[in-house]
Amino acid sequence: MTRVHQLAGAAGSAAWEATSAAYYASIARADARGDGTVRHRLRPEVGDGTIEVTPLHSGFHLVRYDVAFAAGHRIDYRFPGDHFELEHCVEGRVRVSETAAGADELHAGSVALSPRRATGGVVAHGPGERYRAVSVTGSWARLDAYLGGLGARSLPAVGPEHVARERYLGRSAALRPVAEPLAEMYVHRRTSPGRLLYLESRLVAALAALVDGLAATPPATGAPGPALAAHEVAALRRVPELLWQRRHDPPTLAELARASSLSVRRLTTGFRALYGDSVWAYHRRRCLDRAAALLVETDWPVSRIAHEVGYASPSNFGYAFRRDRGTTPARFRHAHA
């Protein structure tokens, strides 16, 4: 039987601290580092990987997940309305079922934002499924005060319930720009005096993108954009994994459409509506995000990483990486080593 773990309370509260401590103690062994980071390494019988928690000077906590649970893993959560969480899935997927928002899964590229209301539900990891993600946790009150201290206004109102629900389940294209600075926080492993300052700078960049995304005028009712049926959403959710599986021999849009039982037009317009980007731009970003993680986490030569993420040659990979990240793979590795 799958054990159900419990988390409760707003981030930073006594209830949060108690339930978090009990949760980590039940699944992992802790290893404290000099900068305040605690690395929770999963016990062998639980699975493989780590959950790293780093307190930031701003009062928020950065949580980085790189886990694969051996058996089904479920977390039952109950958070009050002041709980703030911003999460970006770098790789893999996790299923979320929430009382008011409904059920869906966070997948590679998703950015999820907690609403300003009490939430409760279940997070479920599939057996053996690798999940890599980065999360910033705190409280909405602290966030408003932090933004005010930076000279910014508090975040705009979250809008109608259906809009908050889309953001909570990682479906909102408005949050896509938040992914890049969060991904940079995920891959940064450099131990240096400026490490926390760098992470704080990426937090500010992520919050700036969040403010801009929430302040953007939503499309008017009836504006262009496909209304997707449930079976179409399910088919489109499978497209990123199909592309990843065939990254060494990419299918054409027509082949993807046939595999998804959609027309090419429905595939392209539906994918953009769901993910906020074109099919190929999304796939390219996913490959480069994975390459950035491999540059930091492994000592593989660049040529091997290029092949692993689907590039035919190291030179093509180097050009694409430099255009996306503004630096070469070698320099990126050195900066984050």
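**Reading helices, salt bridges and enclosed spaces**

Trainee: How many residues does helix α1 have, and how far does it reach from its first C-alpha to its last?

Mentor: Helix α1 (residues 14–27) has 14 residues and reaches 20 Å between those two atoms, close to the 20 Å expected at 1.5 Å a residue. The expected span is 1.5 Å times one less than the number of residues. Helices (H or I, at least four residues) and strands (E, at least two) are DSSP runs numbered from the N terminus. This is a predicted model, in which local features need pLDDT of at least 70 and side-chain atom pairs count only at pLDDT 80 or more, while totals for chains, interfaces and linings use all residues. Residues are numbered from 1 along each chain as its sequence is written, and side-chain values use heavy atoms, with hydrogens and water left out.

Trainee: Which residues of α1 are buried?

Mentor: Buried means under 20% relative accessible area, exposed over 50%, and partly exposed in between (1.4 Å probe, protein chains only). In α1 the buried residues are Trp-16, Thr-19, Ser-20, Tyr-23, Tyr-24 and Ile-27. Seen down the axis of α1, they fall within an arc of 130 degrees and so line one face of the helix. That arc is taken from the directions from the helix axis to the C-beta atoms.

Trainee: What span should α5 have, and how far apart are its end C-alpha atoms?

Mentor: The 21 residues of α5 should span 30 Å at 1.5 Å a residue, and the end C-alpha atoms are 30 Å apart, which agrees. The buried residues of α5 include Leu-196, Leu-199, Leu-203 and Leu-207.

Trainee: How many salt bridges are there?

Mentor: A salt bridge is a side-chain nitrogen of Lys or Arg within 4 Å of a carboxyl oxygen of Asp or Glu; the count comes to 24. In one of them, the side chains of Arg-130 and Asp-48 meet at 2.5 Å, N to O. This pair links distant parts of the chain, with Arg-130 in strand β12 (residues 130–139) and Asp-48 in strand β4 (residues 47–55), 82 residues apart. Arg-130 is partly exposed at 24% relative accessibility, and Asp-48 is partly exposed at 46%.

Trainee: Where do Glu-98 and Arg-117 lie, and are they buried or exposed?

Mentor: Their side chains meet in a salt bridge (3.3 Å, N to O). Glu-98 lies in strand β8 (residues 93–98) and Arg-117 in the loop between β10 (111–113) and β11 (119–125), so the pair ties together parts 19 residues apart in sequence. Both Glu-98 and Arg-117 are buried.

Trainee: Which helices hold Glu-184 and Arg-202?

Mentor: Glu-184 and Arg-202 form a salt bridge at 2.8 Å, N to O. Glu-184 lies in helix α4 (residues 179–187) and Arg-202 in helix α5 (residues 195–215), so the pair ties together parts 18 residues apart in sequence. Glu-184 counts as buried at 17% relative accessibility, whereas Arg-202, at 22%, is partly exposed. Elsewhere, salt bridges that share partners join Asp-48, Asp-66, Glu-91, Arg-130, Arg-132 and Arg-290 into one network.

Trainee: How many cavities of 30 Å³ or more are there?

Mentor: On a 1 Å grid over the protein atoms alone, a cavity is a set of points where a 1.4 Å probe fits but cannot get out; a pocket is an open set with protein on both sides within 12 Å along at least five of seven lines, and lining residues have an atom within 4 Å of a point. There are 3 cavities of 30 Å³ or more. The largest cavity holds about 90 Å³ of space, where a volume is the space filled by probe spheres set on the points, joined across faces, edges and corners. Among the 14 residues that line the largest cavity, Gly-109, Ser-110, Gly-170, Ser-172 and Tyr-275 are the closest to its centre.
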